[in-house]
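Subject: Structure for your review

Dear colleague,

I am passing on the structure we spoke of, and my notes on it follow below. Please read them alongside the coordinates and the sequence.

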Amino acid sequence: MAQLPNSLEARDVAFQLHSYADARKQEQTGSLVIDKGEGIYVEDVSGKRYIEGMAGLWSVAVGFGEKRLVEAAARQMEKLPYYHTFTFKTHGPSIELAEKLIEMAPVPMSKVYFTNSGSEANDTAIKLIWYRSNALGQPERKKIISRMRGYHGVTVASASLTGLPNNHKSFDLPLPQILHTTSPHYRTMKKDGESEAEFARRCARDLEDLILAEGPETIAAFFAEPVMGAGGVVVPPDGYWQAVQPVLKKYGILFVADEVICGFGRTGNMFGTETYNLQPDMMTLSKALSSSYQPISALLINDTVYEPIADESHRIGVLGHGYTGSGHPVAAAVALENLKIIEERDLVGHVREIAPTFQKRLAGLADNPLVVETRGIGLIGAAELHHPAHSDTPGSLGAAANAAFQENGLISRAMLDAMAFCPPLIITDGQVNDLFDIAEESLKKVAASL
Ligand SMILES: Cc1ncc(COP(=O)(O)O)c(C=O)c1O
């Protein structure tokens, strides 16, 4: 990588600490500087074009360079660039967006609380759950269960929900009130001779055993993504959700569906909640909510959550929570326009049309000897790589594949040795083929080099 002393690459590592990178390695290699984007493509500062096979971070649903979003932001900037939603004040865009999300919600929801990232939405959910338990006179009901390999963010509380070792190591996490149950990944978690259906039922039994061991009266909520994303794109086995949900109901445990990736079309329905017939009490939304043109997230809560919280805020005199940027008018205006585009262009219908090609080409990667499993649904998927020479260094094969993809003009994301694909929802059939042509060729080269 070119590293002239004054280049953007050199200045980047001189001044910026990056997320999810080995800082020492990055000091040596520099960074890839992305300059612009159009549709499913981005371009780096040298003019090289890439298919953005991850839609940024699973998020740019309507693609790059969407003028309607630029114009929506500019209009709102001119009219009212900022106002807040603290105390008894509010503004049009936040009201409209809250109303829209309640209308769109796949199960009855009552109120929307706006935040600025998926992590903050989940963090706020935890705080409101604790507040509610106190309001209900159940101060012991504070423990929260999420799943190994789940991803829910990086704040102290949401990183605790996240069930990935690298989000805990050296951060002194997880918090003691946050517990993790079995990940629904059949291939790695099954016992000898266990069928997929038996495994799904065992996941529910593991959850119930944990609840009973901890004391059901101490468990407040269960957090889960309908399909796990950053944990490696784990699609739950058939029967999983049908087995898990009754356990939550049995012990009066709130269900929080983290729809930060699944929300707004990714799985072929507007929400993952519909794809799996879920009945959450709370939902967290972000990413495709604004196609990440602006940072915004939302927490939806139903009446059983809202009512005690409202009572408690009345008893105390205030709900002592809020972010300066909650419901930011520019972000809300962009989100509203983005949702309009998703609906007008029927991007959910489009995902259903394109998904068969996407899933067929994804499955085709398994012809490469390095690929031990492919998994996916809708327009999200992953190919898991394995080679005996790399089995002692998890992530090294993923890094090699990532570099080969990048070299050949495709941006993917290596989650250890699982290569993820999650392109903008506007991708066409032909572009899906282009994406997987590059992936296939790149993996062949990696396999040949071993
Ligand atoms: C399912 C899920 N929840 C929460 C988050 C955290 O969102 P953010 O990075 O905006 O804090 C992510 C981010 O990838 C996510 O995939």
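Contact here means heavy atoms within 4.5 Å. Please keep in mind throughout that this is a predicted model.

On the overall arrangement, the protein is divided into domain 1, which takes in residues 32-65 + 346-449, and domain 2, which takes in residues 69-345. Taken over C-alpha atoms, the centres of the two domains are separated by 26 Å. In terms of contact as given above, 31 residues of domain 1 meet 31 residues of domain 2, and the two domains bury about 2500 Å² between them, with 61% of that area on carbon and sulfur atoms.

Turning to the ligand, the residues around it are S117, G118, S119, N122, Y151, H152, G153, E225, D258, V260, I261 and K287. By class, this shell has three nonpolar, six polar and three charged residues, and its largest share, three residues, is contributed by helix α6, which covers residues 118-135.

For Y151, it is a backbone N or O atom that lies 3.4 Å from a nitrogen atom of the ligand. Taken alone, the ligand exposes 390 Å², and the protein buries 84% of that area.

With best wishes

Methods: Residues numbered from 1 in each chain as written. Predicted model: local features only at pLDDT ≥ 70, side-chain atom pairs only at ≥ 80, totals over all residues. Heavy atoms only, no water. Near = heavy atom within 4 Å. Polar contact = N/O pair within 3.5 Å; in protein donor to acceptor, adjacent residues only side chain to side chain. Areas by Shrake-Rupley, 256 points an atom, 1.4 Å probe, with all protein chains shown as cover. Helix = DSSP H or I, 4+ residues; strand = E, 2+ residues; numbered from the N terminus. Nonpolar A, V, L, I, M, F, W, Y, C, P; charged D, E, K, R; others polar. Domains from an automatic or database assignment. Buried area = accessible area lost by both parts, 1.4 Å probe.
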